[in-house]
Every structure is written in structure tokens, then in C-alpha cells.
Amino acid sequence: MRKVYSLQIEYPEQTREFDNRLTKTGRRSLSHSLSHSSTDSNSSGGSDAEDPENEVSPRDKQRMNSKGNKDFCIKNIKLADFGRRQIELAEDEMTALMALRKAAQGEKPLAGAKIVGCTHVTAQTAVLFETLSGLGAQCRWAACNIYSTQNEVAAALAERDFPVFAWKGESEDDFWWCIDRCVNVEGWEPNMILDDGGDMTHWIYKKYPHIFKKVKGIVEESITGIHRLHHLSKAGKLCVPAINVNDSVTKQKFDNLYCCRESILDSLKKTADIMFGGKQVVVCGYGEVGKGCSAALKAMGSIVYVTEIDPICALQACMDGFRLTKLSDVVRQVDMVITCTGNKNVVVREHMDVMKNGCVVCNMGRSNTEINVSALKTPDLTWQHVRAQVDHIIWPDGKRMILLAEGRVLNLSSSTVPIYVLSITATTQALALIELFNAPEGRYKQDVYLLPKKLDEYVASLHLQTFDAHLTELTDDQAKYMGLSKNGPFKPNYYRY
């Protein structure tokens with residue numbers, strides 16, 4: 001008999017429930033070499049690059065929190081109080097995740113879960129980490145991006161005895177060392193993976209296959225990680241079930257579209273001091289990220305071109321008023337190139353050689369492979385580090401190309417993203433972990449699954465309360481006419497919003 005948890009999450013005038021229960025019983029294809037990881041680096045880049053403490057790697061420092069715990073590796077434990085204030089600020093905005101934390105405190109639906117994670121280490125993800133802990137899980141964490149870690153937040157987690165291994169400005173060697181320290185622990189083996197880009201899954205699969213076979217489930221957030229999981233699945237080597245959070249409606253529409261629509265402008269302003277009015281911009285890719293970026297730039301008066309391989313997305317771009325073109329046809333005249341595809345070699349050396357002086361090149365897609373940065377590491381080009389996340393690449397004739405965040409995800413490397421949007425993603429991740437961990441044997445096979453529609457709707461309903469919004473409820477007659485349950489799901493899995 002399947003045990004049922006009843007979690008009542010109360011809100012003024014409206015209570016929305018996910019089936020009134022949480023249940024419990026009892027970056028790139030994975031064949032990519034480590035040299036193509038998301039950590040490839042060429043310039044200093046970190047915002048605290050001038051800090052004398054940067055001369056010494058955190059790996060070489062003695063570390064201990066106020067309780068004598070040494071199971072972590074961060075930049076500076078003295079930043080803990082500052083980081084705790086940032087986490088508390090994020091908690092105020094992440095109301096749905098906090099409601100989930102409160103509702104599940106008694107039941108502990110993740111009791112027995114040993115989660116190893118590789119995501120961005122920020123105030124918002126810290127709220128997720130601590131929520132998972134509050135729901136009964138044991139967690140160890142590393143960063144999925146060498147520039148996105150907030151050192152003060154990592155310190156706050158370490159001070160609370162959270163095993164976190166991350167700091168801003170890691171080297172490639174540091175990056176993989178931190179991941180290994182999360183997994184290679186005497187007397188502790190993970191049974192769940194929460195990944196953003198697939199690097200943790202990649203590492204465990206390659207280095208610790210005996211652990212990989214024992215993992216109960218994987219939750220993956222990014223398109224890069226999903227590609228890697230599908231690669232494993234097609235090869236018959238995916239021996240555990242995985243939930244694709246990236247393609248859930250709540251992640252695609254809110255994190256990818258609305259988040260990027262707001263954060264692209266802030267990121268460009270902070271790094272390159274850009275004036276948008278009248279600028280010619282080409283956005284490569286018109287998925288949800290490309291749609292958000294294009295809309296924001298158009299609203300600021302930029303002239304926006306779009307490149308796209310999918311005729312449906314291409315038609316959407318045309319109907320939204322954008323000029324569909326090929327990058328090679330406009331690259332000589334544009335002021336800015338933004339990649340949003342998740343693919344590789346979208347912008348290559350041949351494109352960059354003919355860009356005009358002062359052209360800004362950056363990436364808003366998940367992978368750092370979209371811009372072929374390695375092609376710029378040649379003797380004929382000069383790299384000039386200007387400020388955090390800004391490099392000038394100088395050609396022999398004096399032409400300068402402005403490269404932001406070394407081709408990594410711009411908004412997460414150089415700016416911040418709206419807390420509220422990250423609350424949606426974090427709540428989705430938490431529910432996906434609970435679903436996989438508590439699923440009865442046989443519900444999920446060794447394959448990649450989309451988040452159940454019921455969970456997607458539940459995440460959305462939790463966040464509606466921020467707006468004092470009130471859903472219309474079907475009458476019994478209406479529900480019967482539509483062939484729906486009054487409590488959802490309201491759309492079939494194939495429906496595209």
C-alpha cells in the first residue's frame with residue numbers, strides 16, 4: 001500500500017493543492033571530454049579579482065566554521081553574516097518554496113535522500129538547498145559555473161554546516177575538484193542528483209559508475225544536461241530515471257522567457273555600459289530565451305535581427321516583427337551578437353574576423369560552447385582584460401571585439417536574475433526530487449521524463465498568491481463537459497502554451 005502525505009498549504013481566500021499529497025513509499029553530450037567543460041577559461045574575470053586573498057586558492061587554506069566543521073571549501077567564512085542576510089532577503093520573495101518547506105516539515109518526504117547537487121550557488125539556490133535539508137535530505141553541493149557563485153552565500157551555507165564546495169573564479173581544475181569532493185566521501189554515497197548542465201552526472205557516470213547505478217533519480221534543469229541524458233539513453237547507458245525540468249512549462253515560460261527578458265538589459269548595462277536605442281543586434285535562436293531577449297531589446301529601440309533553424313520558431317519571429325536572417329548576412333554591420341541556442345559553434349572565428357570595431361559578443365544560452373572562444377586564443381590576437389566579465393579581443397589591424405563573460409551565460413556570470421522567477425524553478429526542482437524519490441517501483445523506468453503536468457500546475461498555483469490572483473473554478477457541469485477533473489490537470493501533456 002502506498003503511503004500518502006497530506007500537505008495543506010493555506011493562503012488567504014484560496015487553497016490550491018497538488019492532489020492533496022506528496023507521496024512516499026517505505027553541459028553537452030556525455031561523450032564530451034573534460035576539456036570542453038563549462039569551465040574553460042582565458043582571463044581573470046572575477047569581480048573580486050583585486051582581492052589579495054585571491055592569490056591563495058581556497059583549496060590551500062585551512063578552513064573551519066564557528067562549530068569546528070571543516071567539511072566545505074569556500075572563499076572566506078567571515079562573509080557568512082553578509083550571506084545570511086542575502087538568503088533571508090531571497091526567502092521573502094520565494095514564497096512558494098517557503099510554503100512548501102513549511103507544509104512538509106512534519107512529513108519529511110525526502111528523509112533518506114542523499115542529494116548531490118551542481119547548480120549555481122546564489123542566495124536563491126541557497127533557499128532551495130536549505131529547503132531540501134528541511135524536508136529531510138542530506139545534501140552536498142558544488143557550482144555549475146565558475147563565475148556565478150556568490151562567495152558570501154557559500155560562506156553562510158558553510159557556517160550552517162552545509163557541505164558546499166564553490167567559490168567565484170574557480171579554475172577548471174578547481175571546478176572538477178569541487179565536484180569530486182561532493183561525491184568522493186567516505187561513508188556517504190548519493191542516491192539523487194540535482195544537476196544544471198550535466199557536469200555532476202557526467203562526473204559520477206565516468207568516475208564512479210558503481211555509484212551511478214545506485215542513484216534513484218536525476219533532476220536536470222538545463223538544455224545542455226538534457227542533451228547529455230538523451231545521449232546516454234539512446235546509447236542504452238542511462239540506468240536511472242531522470243526528470244527533465246528544463247522543458248517543464250513553468251521553467252520554459254518563466255525562467256527562460258520572462259527572466260531573460262528582464263536580465264539581458266541589466267547584464268549588458270553592467271558589463272558594457274551599452275545604449276540600446278538604434279543599435280543593430282542579432283539574436284541567434286528564437287526559443288524562449290531568444291524571445292525574451294529580442295522583446296527586451298526591441299522595446300528599448302534596438303533594431304533586432306533573428307537567426308533560427310526551426311521554421312516554426314522562425315515564423316514566430318517574423319510574426320513578432322523581427323527580421324529573419326542568416327548571421328553571415330548581417331554580421332559585418334551589427335553592433336551586438338547574442339547567442340541563445342544551446343548549440344555549439346554558433347559564432348565562429350570566420351564571423352568574428354569580419355565584425356566591425358566595437359561589436360559586443362555574448363551568450364545567453366546555457367552552454368559556453370555557442371561562441372567558439374578557443375578560436376580566439378591564437379598568437380595573432382591580443383586579449384585585454386578590461387573589467388570583470390569584459391575582455392577586448394584586438395586584431396592586428398587594431399579592431400576590437402568586446403567579449404562578455406568569456407562566452408558563458410551572461411546574466412548569471414555578471415548580473416543577477418529576478419528572485420521571483422528563480423523561486424518558480426527552485427520549487428519545480430524540489431517537487432521533481434520528491435516525485436522521483438518517493439515514486440513506487442516501476443512508475444519511472446530508465447529514461448528521461450517530463451515533469452508531470454499536475455506538478456507544473458501546482459507550481460504555478462503556488463506563485464499566483466503573490467499577485468492576490470483568484471482562479472476561476474469549473475462547475476461540475478463544466479468539468480463533465482470538458483472531460484476534466486475540477487482540480488486539474490487542465491491541459492494534456494502535448495499542449496504547448
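Student: Is Val289 buried or exposed?
Tutor: This is a predicted model, and in it Val289 has a relative accessible area of 15%. The limit for buried is under 20%, so Val289 counts as buried.

Student: Where does Val289 sit in the chain?
Tutor: Val289 belongs to helix H10, which covers residues 288-299.

Student: And what is Val289 in contact with?
Tutor: Leaving aside neighbours within four places in sequence, the contacts of Val289 are Asn256, Cys260, Cys340 and Met364.

Student: Which feature does UniProt place at Val289?
Tutor: The unreviewed UniProt entry lists Val289 under "binding site".

Student: Take Glu308 then. Where is Glu308?
Tutor: Glu308 lies in the loop between strand E10 (303-307) and helix H11 (311-319).

Student: How accessible is Glu308?
Tutor: Its relative accessibility is 23%, so Glu308 counts as partly exposed.

Student: What does Glu308 touch?
Tutor: Not counting residues up to four places away in sequence, Glu308 touches Gly285, Tyr286, Gly287, Cys313, Ala314 and Leu324. With Tyr286 there is a polar pair: a polar atom of the Glu308 side chain lies 2.6 Å from the backbone nitrogen of Tyr286.

Student: New topic: Asn246. Which elements is Asn246 between?
Tutor: Asn246 is in the loop that runs between strand E8 (242-244) and helix H9 (249-272). Asn246 has 5% relative accessibility, so this residue counts as buried.

Student: What surrounds Asn246?
Tutor: Beyond four places in sequence, Asn246 touches several residues, among them Glu220, Glu221, Ser222, Lys251 and Asn256. The side chain of Asn246 also makes a polar contact with the side chain of Asp247, at 3.3 Å.

Student: Now helix H3. How far apart are the end C-alpha atoms of H3?
Tutor: They are 16 Å apart. The twelve residues of H3 (residues 123-134) should span 16 Å at 1.5 Å a residue, so the two values agree.

Student: How many residues of H3 are buried?
Tutor: Ten of the twelve are buried, so H3 is largely enclosed by the rest of the structure. The buried residues include Ala123, Gln124, Phe129, Glu130 and Leu132.

Terms used: Residues numbered from 1 in each chain as written. Predicted model: local features only at pLDDT ≥ 70, side-chain atom pairs only at ≥ 80, totals over all residues. Heavy atoms only, no water. Helix = DSSP H or I, 4+ residues; strand = E, 2+ residues; numbered from the N terminus. Expected span 1.5 Å × (residues − 1). Buried < 20%, exposed > 50% of the residue type's maximum accessible area, 1.4 Å probe, protein only. UniProt positions renumbered as here; feature names shortened; annotations may be inferred. Contact = heavy atoms within 4.5 Å. Polar contact = N/O pair within 3.5 Å; in protein donor to acceptor, adjacent residues only side chain to side chain.
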